[in-house]
Amino acid sequence: MNTRESTFLLQAENLVKRYSTTLAVDHVSLYVRPGECVALLGPNGAGKTSTCEMLEGLLTPDEGTISICGLGYARNRREILELIGVQLQETQLYKKATVRETLQLFASFYRSSEDLNGLLSATHLNNLENRRLEALSGGQKQALYIACSLINRPRLLFLDEPSAGLDPEARRRIWALIGQVKQSERGIFLTTHYLEEAEKLADRVAIMFEGRLAAQDSPAGLIRTYCPGAVWGFSLDASAETLSAQRDYLKLHLPWLHHGVETQGGCELNSLEASKQIQELTVVARQKSIGVHSLYLRQSTLEDVFLKLTGRRLDETHQRH
Amino acid sequence: MKLTSVIELTKCRWREFRREPSAFLFVLAMPLFWMLILGFAFSEDAFEHYKIGMLAGKTELSHQMESLLAHQKGLELVVGDEESLVSLLHRNEIPLFLKTEGHGLSLTLNGTHPDGEKARRLVDETLQTFFGHVETIPMRVERLHLPHARYIDFLIPGLLALSLFSTSLFGTGMVLVSSRRENLLKRFAATPMGSLDYIVSHILGRYLIFVLEFLVVLLGGSLLFSFRVEGSFLSYLLVSIFGVATFTSLGILCGSRARNTGAYNGLVNLLLLSTMMLSGIWFPRHHFPLWMQRLSEGLPLTALVDALRAIAIEGAGLTSQIPQLIILATYTVVCTVSAKILFRWY
Ligand SMILES: Nc1ncnc2c1ncn2[C@@H]1O[C@H](COP(=O)(O)OP(=O)(O)O)[C@@H](O)[C@H]1O
Ligand SMILES: [Mg+2]
């Protein structure tokens, strides 16, 4: 038991956080092993930042325990802070300081620190080292914040929405950077509301929705468990009046259609027997001369898993923001 | 405490100030601006109008002198008894007074009053025009050297105190509030850097800015208005350093919780304007109603201004300013302790 525990960089059990009336985090348990990148995926307001800040020792959990490399915040706070690297969701560092001066500042806080020149080139900031923060683009700033979180060669790195608000190009550069930062001894815990980010970077994805963890597994494992097989769909060549009648007719003859989701002009299904179902559909449709136009078949993705688990699409939940 | 952290933090704090042209100019230019505007506006040269004293007498000569001088253009005559005239002279409200001595006159002059010589010349000319050049009236002149007091000499220590006060509240306090708002303090809380290091760096940074403020007010005053400190310069410096400690702790207290820079700004402006008026930065406090004077005596800004003026104008020693230093020290302790209790990082 003991030897198993020490192999975890992070182990959190049943974390709970309440803000007056909101239950922001509801009995969440997480762990990170060395060499592993864990992504907490969820829409805005899911409780990602609250979870992250509890793990970073910035928020005290109302319930639950946190152990970082076998240490707890209550007794070994300083020791833990030497071991972790943190990038907060929203921070403004000194605007008038240059990139190099900022890294020097953070280096001075730790017992030992990364070589500055090495870190600057690893984060592609070497030709910006004398630029002031106020003159950096969003992506460059984000790269610097990640560099600051790496200054103490952390065993465990926390990144709270590392690419939020960046344009796709800058986002890809940040992903490449995080990919480089992965090491066999280091664990990464990141939060994101981008499926693609979780899919690209994470060895394990924890899906969070309304304060609770809906599932936790590797991306492939999640798909295997919740959306095995393929996703396929079709739409009908029908006017608005005839559409529902046609759909009802199909459902009557093809009972498996009840497991699907109605889309604008048709239906979408996740199934292990996609090809058999497609054949059946064509047969039934021909008998009744129902026109099927646009038929598609694709692999299921995390998006489908999210939809299945929460009943919503991840990008839908974002349109409010 | 980790020295390298303190140094790096202090450097950052200094850079934020030094590399922000508006903050830099504001701190340096404000005292000079007021000095120039008010120094020239209230420089007595601008008026060519002197208030002088005359001892009330019953002799014919007294009456003659009284009516002569009272009607002279450029002179304003205050007639009173000896005691009140001496006190006016000491308070620098008049540069000289006259009294009759038998058939002659005696003139008591404060040689250090900036208007002394000019007022005396005007009195001489008035008398000579009246009595004629030959048959002039005998006059004994007694020359005193009282501490000088031009408005500018009164103003400059006040401007220094005000500058130390406002830079602490708008500098130190405001930086804390905006750093909290921008999650910088939270980011620091996620590092092993100790909170003491951070606060110490703010105090050091404040003293770096103090050096500049002090030099600007001192050099500006001495070059533009030949201001000088009558008392010990070291005491003047020491009292200023004391004042900065008080105001820095007050600034940290004001910035110990707030996240909202706008609200903080409003609060500090209110505090600044009211204490600035009550502490008699611009005008002597003895013009105020008594209750207001009592009220203002307990303010730290008043204590600092009074001590600086006593040293600069009256040449007072440090020991005579102990009551003021006690007031400042009390505020420092109370503010530091409350800030420690109230402070939050995020
Ligand atoms: N300081 C706070 N006070 C009150 N409610 C908060 C506070 N911080 C977060 N919340 C609420 O808790 C929930 C989770 O927020 P957060 O952890 O920031 O989620 P996420 O990072 O996933 O967007 C949200 O409903 C949010 O409004
Ligand atoms: Mg968040």
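In the predicted model, four strands of chain A are arranged as an open sheet with the order β11-β12-β10-β13, and their pairing is antiparallel. The edge positions are taken by β11 (261-262) and β13 (292-299) of chain A; each has a single partner strand, so one side of each lacks a neighbour in the sheet. In general, the strands of a sheet are paired through backbone hydrogen bonds, in either a parallel or an antiparallel manner.

Chain B contains 13 helices and 5 strands. Its radius of gyration is 26 Å, whereas the globule rule gives 20 Å for 346 residues; the value is well over that figure, so chain B is more spread out than a compact globule. Along the principal axes, the C-alpha atoms of chain B occupy a box of roughly 90 × 35 × 35 Å.

Of the 346 residues in chain B, 50% are buried. Among the contacts in chain B with a separation of 6 or more, 77% are between residues 24 or more positions apart. The accessible surface of chain B amounts to about 16000 Å², and carbon and sulfur atoms contribute 66% of this area.

How values were computed: Residues are numbered from 1 along each chain as its sequence is written. Chains are lettered from A and ligands numbered from 1 in the order in which they are written. This is a predicted model: local features need pLDDT of at least 70, side-chain atom pairs count only at pLDDT 80 or more; totals for chains, interfaces and linings use all residues. Side-chain values use heavy atoms; hydrogens and water are left out. Helices (H or I, at least four residues) and strands (E, at least two) are DSSP runs, numbered from the N terminus. The radius of gyration is taken over C-alpha atoms; the globule rule is 2.2 Å times the number of residues to the power 0.38. Buried means under 20% relative accessible area, exposed over 50%, partly exposed in between (1.4 Å probe, protein chains only). Contact means heavy atoms within 4.5 Å. Accessible areas come from the Shrake-Rupley method with a 1.4 Å probe; for residues, only the protein chains shown count as cover. Two strands pair if DSSP finds at least two bridges between them.
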